[in-house]
Amino acid sequence: MSEIKMNELNIKEDERLNMLNHSCAHLLAQAVKHLYPQAKFWVGPVITDGFYYDIDLGDTVITEADLPAIEKEMKKCSKDNKRIVREEISKQQALEMFHDDPYKIDLINNMDENEVVISCYRQGDFVDLCRGPHVENTKQMKYFKLLKVSGAYWKGDANNKMLQRVYGVCFESQEDLDAYLQYLEEAKERDHRKIGRDMDIFMVSDLVGKGLPLWLPNGYTVWRILNNYITEKEIAHGYLHVHTPDLGSVELYKTSGHWDHYKDDMFSPMYNISENDENTMTVRQVKDRIDRERSDDVYVLRPMNCPHHMVIFGRRSHSYRELPIRIAEIANDFRFEAQGAVKGIERARSFTQNDSHIFCTPEQIESEFKGVLDLIMETYDDFGFKDFKCRLSLRDPADTTKYFPDDEMWNNAEASLRSVLDDLKLDYFEAVGEAAFYGPKLDVLVKPAVGNEVALSTIQLDFLLPRRFELTYVNENGEKVTPVVIHRAILGSLDRFVAFLLEETKGDLPLWLAPQQFTVIPVNPNIHYEYARDLVDKMMKKGYRVKLDDRNEKLGYRIREAQVKKVTMQIVIGDHEVADNTVTIRRHGQKESLTLSQEEFFAAVDREITDKELAK
Ligand SMILES: [Zn+2]
Ligand SMILES: [Zn+2]
């Protein structure tokens, strides 16, 4: 068995694997140079999951079909077992050596003034400019695989030439390489974009816009159940739900401070031009005007909801007796994510947050924090999440100038958070110096089946935002004082949460969440139709999500289709079922089927849905 935990693999951080993978990038370059003599090389760094090299092949474009030939040549170079030799030369020598390679010249010219000695690495007929370090000989790169090729602009600038980026990975044993490739397969199988396609969860369309997913009936069903689920839970925990607009004035975001710190991640502002407006402006001019003037007639799509909720709290005066006030919203938000960062519904430019802002007194921080954690744990219990830990981000006591200046508030708040975590016996670690300027924070990091930890839930204390909105309440002594705000998210973004669930369950959602719970399949639609139809009608009356598949297709074909769509239960109706008034069910992914009377069946399903039983 491989020693490496593929789930936690970070080649960049692992000294040995880092050196091996970087050396393998040179091996790749050497092989490419043999096969494509015109090739020029930009950089070949190590990344978390291997290495890549950016290559200029002139007019030649390579595809994944070309990778096996390159691998073969790499194997040859590896077998040659050339020593990898470091050579140190002066800047002048380097400029001469690489005089016909504009990329190397660029690198050399942009080197630090202090870097007087430039190093090169030579292996046989191939030499490359590099800081190193490297392994000793080419034979050490034996267990590698080229994974994919994509375009990459030189220096990441779309105005520059498009280079070809070849990705690969290298390990110390065949066993490790095999384990990794298997892990990649598994990740591909679990990719929510693939499952989302199979199950008709969502689609994306360039015509609608990049990063703007469309939720299809199946996906929206899951989304709506989650929405209702968390809303009901919050109501039981004393939250008050509101509904506020998807946009707000720039002035609102100037007040909150987001405009200064967050505007690069927002869609460009909108300025409403009236028919007889002579002063029409370009986006650039609008932006300039925003910097100079009050901007309550310029609008932005909101990236977060805190400002709207601050305004709601501030609409009238409050007494300390009313606190805490917990304002919640399932809110649409918009962020201008880079096109390359957009990923299905996991990371999109439009998404929905399960958001809330709690307004409380400093004395209530502890009990509110505990209340939110209770809500999180109840929720995780319903979804069966067990592998998670908490990160408590605190201020750095050695440098308090970086934080909102109120020592007493910080000390009390941090002590309260710690004591709640200790009381609840939660697995947590402290991240000193990681707190935001305006308050300490807790993230719940959930470990997924593949990939890195996900911060699903967060609780963020905020001493500053209520001040920026001049929010107050009247305390016991009749004085107007500032409340503390707690931002919190339980499911986080509903969209990302669905992506997470799909990847965790491979689409086998528990019955209460499954978009298609049942398919009823009459063996012979001519004979068994009526019984099946009657059963489906009864199920629909109970609110089950059921489809009747009475197409004149082979039984096996219809069953397979139900499996691909991840329908939780297939119900097959044949002669026996009709004669005995029974149903024969088979769960997705299971071999055995089970025959039940209709009464037994309905009772079992009702119980499974009400109890939110985990997938079987
Ligand atoms: Zn190197
Ligand atoms: Zn907030």
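Visitor: What makes strand 3 (residues 50-56) largely enclosed by the rest of the structure?

Guide: Look at how its residues are classed in this predicted model. A residue is buried if 20 or more other C-beta atoms lie within 10 Å of its own. Six of the seven residues of strand 3 are buried, so the strand is largely enclosed by the rest of the structure.

Visitor: How do you know that strand 1 (residues 40-41) and strand 3 pair?

Guide: Pairing needs at least two bridges between the strands. Strand 1 and strand 3 have two bridges, in the antiparallel sense, so they pass that cut-off. One place to look is Lys-40, which stands opposite Asp-56 in strand 3.

Visitor: Which other strands are joined to strand 3 by bridges?

Guide: Strand 2 (residues 46-47) runs antiparallel to strand 3, and two bridges join them. Find Val-46, whose bridge partner in strand 3 is Phe-51. With two residues between them, strand 2 and strand 3 form a hairpin. Then there is strand 8 (residues 162-171), joined to strand 3 by five bridges and again antiparallel. Here Tyr-52 has Tyr-167 in strand 8 as its bridge partner.

Visitor: What holds paired strands together in general?

Guide: Strands of a sheet pair through backbone hydrogen bonds, either parallel or antiparallel.

Visitor: OK, what about the sheet with the order 4-5-6: which pairing does it have?

Guide: It's an open sheet of three strands, and the pairing is antiparallel. Strand 4 (85-90) and strand 6 each have a single partner strand, so one side of each is left without a neighbour in the sheet. On average, neighbouring strands of this sheet are turned by 30° against each other, direction ignored.

Visitor: How do you know that strand 4 and strand 5 (residues 117-123) pair?

Guide: Count the bridges: there are six between strand 4 and strand 5, in the antiparallel sense. At least two are needed, so the two strands count as paired. Arg-86, for example, stands opposite Tyr-121 in strand 5. While you're there, spot helix 1 (residues 15-35), which packs on the sheet and touches strand 5 and strand 6. The direction of helix 1 makes about 130° with that of strand 6.

Visitor: Why are helix 7 (residues 217-236) and helix 15 (residues 494-505) called roughly perpendicular?

Guide: They pack at an angle of about 115°, with their axes 10 Å apart. The roughly perpendicular class covers 65 to 115 degrees, and helix 7 and helix 15 are therefore placed in it. Their crossing is right-handed. In helix 7, Gly-219, Val-222, Trp-223, Leu-226 and Asn-227 meet Leu-494, Phe-497 and Val-498 of helix 15. That contact divides into six nonpolar residues, two polar and no charged.

Visitor: And why are helix 12 (residues 365-383) and helix 13 (residues 407-423) called oblique instead?

Guide: Their axes cross at roughly 40° and come within 9 Å. Angles under 35 degrees would count as roughly parallel, and 65 to 115 as roughly perpendicular. Helix 12 and helix 13 are therefore oblique to each other. This crossing is right-handed too. Residues of helix 12, including Phe-369 and Leu-373, meet residues of helix 13, including Leu-417 and Val-420. By class, the contact has six nonpolar, two polar and two charged residues.

Visitor: What makes Glu-470 exposed?

Guide: Glu-470 has 11 other C-beta atoms within 10 Å. The cut-off for exposed is 12 or fewer, so Glu-470 falls in that class. It sits in the loop between helix 14 (465-468) and strand 21 (473-474).

Visitor: Why does Lys-612 count as partly exposed?

Guide: Lys-612 has 15 C-beta neighbours inside 10 Å. Exposed needs 12 or fewer and buried needs 20 or more, so a value in between is partly exposed. Lys-612 lies in the segment after helix 19 (598-610), and its phi is near 50°, also positive in a residue other than glycine.

Visitor: Where are the cis peptide bonds, then?

Guide: One joins Gly-132 and Pro-133, with omega about -5°. Pro-133 lies in the loop between strand 6 (126-129) and strand 7 (143-153). Another joins Leu-323 and Pro-324, with omega about 0°. Look for Pro-324 in the loop between helix 11 (306-313) and strand 15 (325-334).

Methods:
Residues are numbered from 1 along each chain as its sequence is written. Chains are lettered from A and ligands numbered from 1 in the order in which they are written. This is a predicted model: local features need pLDDT of at least 70, side-chain atom pairs count only at pLDDT 80 or more; totals for chains, interfaces and linings use all residues. Helices (H or I, at least four residues) and strands (E, at least two) are DSSP runs, numbered from the N terminus. Axes are lines fitted to C-alpha atoms, for helices over the stretch in contact, and angles run from 0 to 180 degrees between N-to-C directions. Angles under 35 degrees count as roughly parallel, over 145 as roughly antiparallel, 65 to 115 as roughly perpendicular and the rest as oblique. A crossing is left-handed if the near helix is turned anticlockwise from the far one by less than a right angle, and right-handed if clockwise. Two residues are in contact if their C-beta atoms, placed from the backbone, lie within 7 Å. Ala, Val, Leu, Ile, Met, Phe, Trp, Tyr, Cys and Pro count as nonpolar, Asp, Glu, Lys and Arg as charged, and the others, Gly among them, as polar.
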